[in-house]
Amino acid sequence: MKTFNISFLLVVITTFLFSSCNNDTKQNPPCATGAKCFKIQRFNEELKKRLDNNCVGYGYSIGYKETVQAFNAGGQERTAADAPVKSFSVFDPMNPASLCKTITAIALLQVLNKKGISEKEFIYKYFPPDWTLGPNMKTITFYEILKHTSGLRKNGWGTYPVLRGICNAGISLPNKIYLYDNVNYEMMRILIPRLDDAVIVPATDDNLSVQYGRAYVDYCNKNLFNPISISNRDVKPDAENQNLCYVFPYFNSKGEDYGDWTTTCGQAGWNISVTQLSSLIRNMKYSTKLIPAAAEKLMESDLLGFDGKGTTPVLGVSFVNKNGGFPGPPNNKGAFNGEIYLFGNDVTLVLYINSDLKYPGGMNQLIIDAFDASI
């Protein structure tokens, strides 16, 4: 008797629908100046040309306003060293490192809006009630942890007891300047569930680390992913055939999945595909399903959940971007590099690379070069 593979059918149907949408809705932004007309399909081609043979595997999705316009993938997401061999797919999830901070920023701004709380409110009011607050902890606002200007500092991973210890120790006011530190977004893993009135049962530190991690995951699934038709995501690898990361040039070494982030998520850890993250970003920017328009504008203008901004040198188009990366050996078996770009001509890009990248100037230079060549 023949068996029917439901999972395979769902992937085929999803791919067909995604491809059909892509083919039926192709658009280009209006021409900015004379002959300098940005073309999305050309952007697709220019990205692919620069990525092919310069990494182990890659995938990206290009949007224009609310719609997907192009997506592409190349190379492998699992090599012969981690059989079965799989070609890279924009539909397969992986941990995109600090790109997850944008997800966490959306979640925090959403729950603040739901509760009618300003981003300038002080975070200490929403700490677990048994935490002892050290010097100057009552000066830190939600805006400051979103902006990395809170003065919070740490070494190592931000588990529940580590975050509590940081609050107990307090901060130095001169440290309340910009310094990118993962602890800010790890602290949101505690604050988001408490703002949402999640039920947390008194327990050991190890158990509380898990409870807060799961409460953060549950909040994002219920309030970010599910409302835009993304199935439940998690902060740990899939059980089978997980997308892996490698060193490049590739020397037949095994890959890396970065493990379970339940007790340290917020700053990284989501197992999410290119297409899913791209959908989240487009909904963040071009709808009010997730956050109000004013909150999205604040994210871009003040770089909350983003890293940088600039203007492309040839076409003169502004952009805001967020990078994510895991280093390769000796820290991990393989490297990850990823980017989110919001361009001023309403083009968006989400790019994953599951290895080091061989390109002069790195990934950001590759994207800018491809963008400015897309005329």
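This is a predicted model: local features need pLDDT of at least 70, side-chain atom pairs count only at pLDDT 80 or more; totals for chains, interfaces and linings use all residues.
**Helices α2 and α10**

- The crossing of α2 past α10 is right-handed.
- On the α2 side, the contact is made by F43, E46, L47, R50 and L51. On the α10 side, the residues they meet are L366, I367, D369, A370 and F371.
- By class, the residues of this contact are seven nonpolar and three charged, with no polar ones.

**Helices α6 and α7**

- Helix α6 covers residues 183–195, and helix α7 covers residues 205–225.
- The axes of α6 and α7 are 8 Å apart, and the two helices pack at an angle of about 65 degrees.
- Helices α6 and α7 make a left-handed crossing.
- From α6, the residues in the contact are R189, I190, I192, P193 and R194. They meet Y212, G213, A215, Y216 and Y219 in α7.
- Seven nonpolar residues, one polar and two charged make up the contact of α6 with α7.

**The second largest pocket**

- The volume of the second largest pocket is about 210 Å³.
- This pocket is lined by 13 residues, and W157, W261, F326, P327 and N332 are the closest to its centre.
- The lining of the second largest pocket has seven nonpolar and six polar residues, and no charged ones.

**The cavities**

- There are two cavities of 30 Å³ or more in the structure.
- The largest cavity has a volume of about 40 Å³.
- Its lining consists of N95, K236, P237, Q242, D257, G259, G269, W270 and N271.
- Sorted by class, the lining of the largest cavity holds five polar, two nonpolar and two charged residues.
- The second largest cavity has a volume of about 30 Å³.
- Around the second largest cavity are M94, N95, Q242, N243, C245, E256, D257 and Y258.
- Three of the residues lining the second largest cavity are nonpolar, three are polar and two are charged.

Technical notes
Residues are numbered from 1 along each chain as its sequence is written. Side-chain values use heavy atoms; hydrogens and water are left out. A crossing is left-handed if the near helix is turned anticlockwise from the far one by less than a right angle, and right-handed if clockwise. Helices (H or I, at least four residues) and strands (E, at least two) are DSSP runs, numbered from the N terminus. Contact means heavy atoms within 4.5 Å. Ala, Val, Leu, Ile, Met, Phe, Trp, Tyr, Cys and Pro count as nonpolar, Asp, Glu, Lys and Arg as charged, and the others, Gly among them, as polar. On a 1 Å grid over the protein atoms alone, a cavity is a set of points where a 1.4 Å probe fits but cannot get out, and a pocket is an open set with protein on both sides within 12 Å along at least five of seven lines; lining residues have an atom within 4 Å of a point. Grid points are joined across faces, edges and corners, and a volume is the space filled by probe spheres set on the points. Axes are lines fitted to C-alpha atoms, for helices over the stretch in contact, and angles run from 0 to 180 degrees between N-to-C directions.
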